[in-house]
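Here is a walk through the salt bridges of one structure. Please keep the sequence and the 3D view at hand.

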Amino acid sequence: MASSKLLSQPRWHRLLRRNLPNARLFSGLPSQHPVSVPEPQNHGDPKSNNTFKTASSAPSSLKEAELAKFAAISDTWWDSEGPFKPLHNMNPTRLAFIRSTLCRHFRKDPLSARPFEGLRIIDVGCGGGILSEPLARMGAIVTGIDAVEKNIKIARLHANMDPTTSNIEYCCTTAEKLVDEQRKFDAVIALEVIEHVADSAEFCKSLSALTAHEGATVVSTLNRSMRSYASAIVAAEYLLHWLPKGTHQWSSFLTPEELTMILKRASVDVKEMAGFVFNPITGRWSLSDDISVNYIAFGTKDTNEE
Amino acid sequence: MNRILASKAVSNVYRLRIPWRPFSNDAACPNAGNPETGSEAQQYDIAIVGGGMVGLAFACSLASKPLTKHLNVAIVDSNPALGRKHFIKKDDLPDPRVSTITPASISFLKDIGAWQFVEQHRHAYFDKMQVWDYTGLSYAKYNARDADKEVLGCVVENKVLLSSLLSHVQDTDMLKKIYPSRLTSMSILPNSSSSEVGSTLSMTALFTHGRLAKLELEDGNSLYAKLVVGADGGKSRVRELAGIRTTGWNYTQNAIICTVEHALENHCAWQRFLPSGPLALLPIGDKFSNIVWTMTPEESSEYKSMTEDDFLKAVNHALDYGYGPHPTSSILGSSDLFSWFKGGISSSTSDCFEVPPKAVKLASERMAFPLSLRHANDYASKRVALIGDAAHTVHPLAGQGVNLGFGDASSLSSVISEGIAVGTDIGEVSLLKKYEADRKPANVTMMAVLDGFQKAYSVDFGPLNILRAAAFHGAHHISPLKKSIISYASGELRLPLFA
């Protein structure tokens, strides 16, 4: 009886149910992990004192050291052969997932060249705007936020080069501050950000608060699995040098079950999940059911909040 | 960032080899507001330079896809025929310039909606082919039924194809404008940032920051485009202006083409490899056939200038007993030798050798042109993509040239459509390189195969002749091999022998 119910659900859903009894899930929530501080970067940021204090009035989920890491290489955002090359390569695949899920959710025509016309979308942790610009070209009203001022400057300069993207609103701020300003968006997208924040549960609550009624939330990150350790840390950082060493901390990765749990607690129901796989022969990324390394989750705001 | 931009700017400028004229000096600059210069420059999404078969097929392909049919397209070609909607009459004599369209290209043309126009004019499907050589050692007969198909291909005059594609493009809703002029210069500047804010950047400002390419035409018009597609043939001006190098060599061969008439209808394609090159006889409908005769340049001037009767005699002789005997069914023993290879008997294995129908009348002038192999080292650079003969020219011996071009047009329009789906700027090199990665291996393989044939047949050496005969024999009797050859030549297999 339970088995037949199981089989009718998508595969990743079954994985979730199977692993729920695993005690590691509950004890593995990121808020209980010590915040790992990597080697000090060359940018001594004078504002670094405030972020680890949870007692402050607007607790920030940022990790200052993580910000410093990104500030150091911010000049190379739009160099498609530079440190952000894997992100540039993966971008069309992420956009394909976002396009199909958002078109279905908001009942937009998938064959239109500008399907997001009229939708307000926020790109949390936009960096240089690699995701924001294509979203704007697809017709969305885009707001991009990032905590690193340099990134916002670069994003703005690059977006101004193309009239279709020069309407993007870029702000150097955090999700929490926008929640305080009571901004709402039809779709809140935070890709490859949650593994760099200090408190992912708080971060998810902010994302949910920014999502309008019947809106969508999309989060992508890396899975905390043996395979992701081998691919994203050992292979990508140390062997292939795709990413600078220390870009990712394996202990801050979230498993799909954990992400689904904390999003659920933030009133976001995860509806779809997909993985990204890289084919070394063609050099291309594609969407797949394999969520063992990179994965992306699409969720909708719970309309009846308990 | 500035260092990266500067080094890229230097490499771009050296590669482009284009003098960048500052706007103050440019007399034809539209922004100067000078009323003598004529119409203002317009901005397009895609500028297709070259309105030949492949360029127009690309335009039709864009018009047939939902994500690209809203694009604004300019077609630049100085051919006056493009300005007229119908430029062929049904009772015209067949033009000697024809193309053999493979089944894969036929389905592409059907998908884009242009094939229906072709079927209203003269065209000839053929389902049989016979290939043999001058040594008389062996022959191969191909039948479409061997590969479970209806036809091996269709022979269509180029002007029929062109007119069909043009009519279809004019019929579609896609925004397009034909510029009846020739391209003189093209400039593309490196990307740079703008300190201006807002969406009010003018076309010239966008061009200065590398977001648009500027094209200047012979009649003084200019236009801007996000992407320039070079479909302007083997001597592509776009390829030259973009600084893309080519590799290749000239064959010491010319091809003579003409149309002949028979007493009866011909439904088979014939090709005989002669010592100085192949002679092909292709049906084009209504008892007419097209001749493509490859020979040395000296011979070609001789054959072009001889009288019509002498030429017809020479053609019939070359297809019959000229240069060597008729092949018997096999000299390498009976077909039992290959019986353990056979994966099922194909119908044409038992067909015996036939002599092609005699040509009774010459129905057109004889044209001659030199043959060469040329391949562009890159198919794409910033804001430029090459398709068709601009990217590759091949030997006509297997009738593949324009079919490779149609493959390019189809692939590029798919890549652009996928790019628009995910909000990419269509002039981005990374997107265009996807098109190159799709087409280059297939094109290079086909070119290698054709070049291999050309070289194998240019030598008259006993053991090599026997080897070639054995190859023919194998192709004729080994059914899986024959099926594979037919599928590859029909455009269904991207790489030969890999099913």
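Is B:Asp451 buried or exposed? With a relative accessible area of 11%, B:Asp451 is buried, where buried means under 20% relative accessible area, exposed over 50% and partly exposed in between, using a 1.4 Å probe and protein chains only. This is a predicted model, in which local features need pLDDT of at least 70, side-chain atom pairs count only at pLDDT 80 or more, and totals for chains, interfaces and linings use all residues. Side-chain values use heavy atoms, without hydrogens and water.

B:Asp451 forms a salt bridge with B:Lys455, the closest N and O atoms lying 3.1 Å apart. A salt bridge here is a side-chain nitrogen of Lys or Arg within 4 Å of a carboxyl oxygen of Asp or Glu. Both residues sit in helix α11 (residues 429-456) of chain B, four residues apart, or about one helical turn. Helices (H or I, at least four residues) and strands (E, at least two) are DSSP runs, numbered from the N terminus. B:Lys455 is partly exposed at 41%.

Another salt bridge joins B:Asp146 to B:Lys482, with the closest N and O atoms 3.8 Å apart. This pair links distant parts of the chain, 336 residues apart: B:Asp146 lies in the loop between β6 (139-143) and β7 (153-157) of chain B, and B:Lys482 in helix α13 (residues 479-489) of chain B. B:Asp146 is buried at 10% relative accessibility, and B:Lys482 is buried at 0%.

Over all chains the count comes to 29 salt bridges. A network of salt bridges links A:Glu133, A:Arg137, A:Asp162, B:Arg211, B:Arg383 and B:Asp425.

Notes
Residues numbered from 1 in each chain as written. Chains lettered and ligands numbered in written order.
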